Amino acid sequence: MTNDLIGDLPLVLGGNTFGWTSDEDQSFAVLDAFLAAGGRQIDTADVYSAWAPGNDGGVSEAVIGRWLAARGTRDQVVLATKVGSLASRKGLARENVEAALEDSLARLGTDRVNLYYAHFDDETQSPAELARTFDSLVRAGKVGAIGISNLSPERQRAWIDAARAEDLTVPSAIQVQYSLAHRADVENGYGQVVEENDLALFSYFSLAAGLLTGKYRSAADLEGVARGAQLSGYGTSEGFALVDVLVDVAARHDAEPTAVALAWLRAKGVTAPVASARTTAQLPALIAGAELELTTEDVAALDAASAPFTR
């Protein structure tokens, strides 16, 4: 199943920038370059990017859909999208999920998505109800595999157990925040769910909103950047000390810090990091991160520098 979801390149292209910080031409160019480099999975959500002024969501899916139509590449890519947090389609009740999926399919211009995530939890739905709802989408041929994102480890286990108890489609992937600057969630909880159930693990915010690109070495560097609000949570003395070590390790490999940060995730068992590129100029470092192999000493140095983020 893992190879079906990512192909030979352990990297997922995040679509959150499409129609937000990347205009349509830039988005098409990034998608073209990712596919040419051997990438397969493109990750988006119905809510992307409703946080931007004048954007009601669905924009990323629509951009991807127009690219698929223009290039005729639907069968060459793995499409992953998510349901549950768009204001007009909020929650995971069956009727809402079915309607949201139809909306996503229309925007993407396809009759199926390869991986469909429950984006955020909806505690009005029991684990058994979630299992039945998402299984029905697989049985209808509109979803290839089920993913879970941002539900607690306990709720994920309960969903998986309910699906097995009723012989329904078992989720095969989770997506969770994980990076050198955000380790605790996976290492103290989600990682066990992955191991117990042989799930694919995809990490979002893999570069800590850009901190781990190495571009930001002090608080002053964060002023006026598009992701300043997201970055501010990482812009601490511990965060900048981590970046210093990351830059040192990158220099030893003649690589970008971005590549090292992604390679570290792979060394920690991540199936494929999710990372976005605003322009094609940012893509080579992501591709390199899918190919770079760190030494045991590299991993140990990065582990030590990121230890404050295990709590």
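Which residues line the second largest pocket? I started my notebook with that one.

**Ground rules.** I'm looking at a predicted model, where local features need pLDDT of at least 70, side-chain atom pairs count only at pLDDT 80 or more, and totals for chains, interfaces and linings use all residues. Residues are numbered from 1 along each chain as its sequence is written, and side-chain values use heavy atoms, with hydrogens and water left out.

**Entry 1, the pocket.** I found Y178, V186, E187, G191, Q192, V194, E195, L201, K268 and G269 in the lining. (A pocket is an open set of points on a 1 Å grid over the protein atoms alone, where a 1.4 Å probe fits, with protein on both sides within 12 Å along at least five of seven lines; lining residues have an atom within 4 Å of a point.) Helix α7 (residues 184-197) gives the largest share of that lining, 6 residues. (Helices are DSSP runs of H or I, at least four residues, and strands are runs of E, at least two, numbered from the N terminus.) I noted about 180 Å³ of space in this pocket, the volume being the space filled by probe spheres set on the grid points, which are joined across faces, edges and corners.

G269 from the pocket lining sits just after α10 and takes a positive phi of about 100°. Why is α10 largely enclosed by the rest of the structure? I see that 10 of the 11 residues of this helix (residues 257-267) are buried, so the rest of the structure largely encloses it. (Buried means under 20% relative accessible area with a 1.4 Å probe, protein chains only.) W264 is one of the buried residues. The buried residues of α10 pack against α7, β7 (200-204), α9 (237-252), β8 (272-275), α11 (283-289) and α12 (296-305), where contact means heavy atoms within 4.5 Å.

Y117 has G147 of β5 as its bridge partner. β5 also runs parallel to β6 (residues 173-177), joined by 3 bridges, and S149 has Q175 of β6 as its partner.

I found T110 in the loop between α4 (94-108) and β4. Is T110 buried or exposed? T110 is buried, at a relative accessible area of 13%. Its side chain makes a polar contact of 2.9 Å with that of R74. (That's a pair of N or O atoms within 3.5 Å; within protein, one must be able to donate a hydrogen and the other to accept it, and residues adjacent in sequence count only if both atoms are side-chain atoms.)

Notes
Pairing = 2+ DSSP bridges. Buried < 20%, exposed > 50% of the residue type's maximum accessible area, 1.4 Å probe, protein only.
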